[in-house]
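Good morning, colleagues. Please look at the sequence and the structure as I put them on the screen.

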Amino acid sequence: MSETLNIGLIVGTTREGRFADRALEWFETKIGARDDMRYEVLDLREAALPFFDEAGPPAAKTVTSENARAWGEKLKEFDGFIVVTAEYNHSIPATIKNAFDYAFEGWRRKPLGTVGYGGVGAARAVEHLRLVAINFGMVPVAGAVSIGGADFVKASQGTPIAELGDHLDGPAKTLLDDMAFWGQAAKLAKIEAENRQAA
Ligand SMILES: Cc1cc2nc3c(=O)[nH]c(=O)nc-3n(C[C@H](O)[C@H](O)[C@H](O)COP(=O)(O)O)c2cc1C
């Protein structure tokens, strides 16, 4: 079994001028420095998912949208996901909910972490996302990055997140450590379950 985890880093907002790119640029320097995981950016802009409009849930029915089918297949490559998320009206942006609604198997029993930003660091959105994740048997990890308050204001006005100080480094490390722990645990548990079934 490979020790290196493959993490999908999801960029959750799609609008022109999004803050998400600033958070992503900074967080890539953190996840990119790890030797226990590799990552790939999954940009919902590029995924270009339609608004969910299928005959049934992807858990039960093959989706008809070609982009959504590709999205669902792509998710299967990863051992866990970190979502870079804003907070829209005290919840996750609809683009993120839609991306979750449009797949099933690829999310199953994998850890989920967040890099949130906004007035309160997207705290309310993150809690909602954790509840959504439970439906897929995911493990929402405790570690989380929240870029909020004065940090969010300064970064929105152009200060690079790396220049805000080193206080976000600890939360980033905790998040990535949690992803590593639960990613490996979930991988092992799946192998053991398969072995038990085969025995
Ligand atoms: C539709 C909408 C709703 C918003 N609601 C909230 C909110 O509930 N809480 C908050 O902290 N910021 C809220 N904001 C402000 C966002 O935090 C800010 O616009 C942020 O840059 C959005 O992320 P994005 O630039 O990646 O789209 C909202 C923004 C939009 C566009």
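Is F52 buried, partly exposed or exposed? F52 counts as partly exposed, because its relative accessibility is 27%, and the cut-off for buried is under 20%. Please bear in mind that this is a predicted model.

Let me turn to the ring pairs. The structure holds 13 aromatic pairs. One of them joins F52 and Y102, with 4.8 Å from centre to centre and 55° between the planes, and this pair is tilted. F52 sits in the loop between α2 (44-47) and α3 (66-75), while Y102 sits in the loop between α4 (94-101) and β4 (111-117), so the pair ties together parts that are 50 residues apart in sequence.

I now come to a second pair, F104 and F136. Their ring centres are 5.7 Å apart and their planes meet at 50°, so this pair is tilted. Here, too, distant parts of the chain are linked: F104 belongs to the loop between α4 and β4, and F136 to the loop between α5 (123-134) and β5 (139-140), 32 residues apart. F104 counts as partly exposed because its relative accessibility is 22%. F136, with a relative accessible area of 5%, is buried.

Finally, which residues do ring pairs link into a cluster? The cluster consists of W71, F78, F81, F100, F104, W107 and F136.

Thank you for your attention.

Definitions and conventions. Residues numbered from 1 in each chain as written. Predicted model: local features only at pLDDT ≥ 70, side-chain atom pairs only at ≥ 80, totals over all residues. Heavy atoms only, no water. Phe/Tyr/Trp six-rings, centres within 6.5 Å; stacked < 30°, edge-to-face > 60°. Helix = DSSP H or I, 4+ residues; strand = E, 2+ residues; numbered from the N terminus. Buried < 20%, exposed > 50% of the residue type's maximum accessible area, 1.4 Å probe, protein only.
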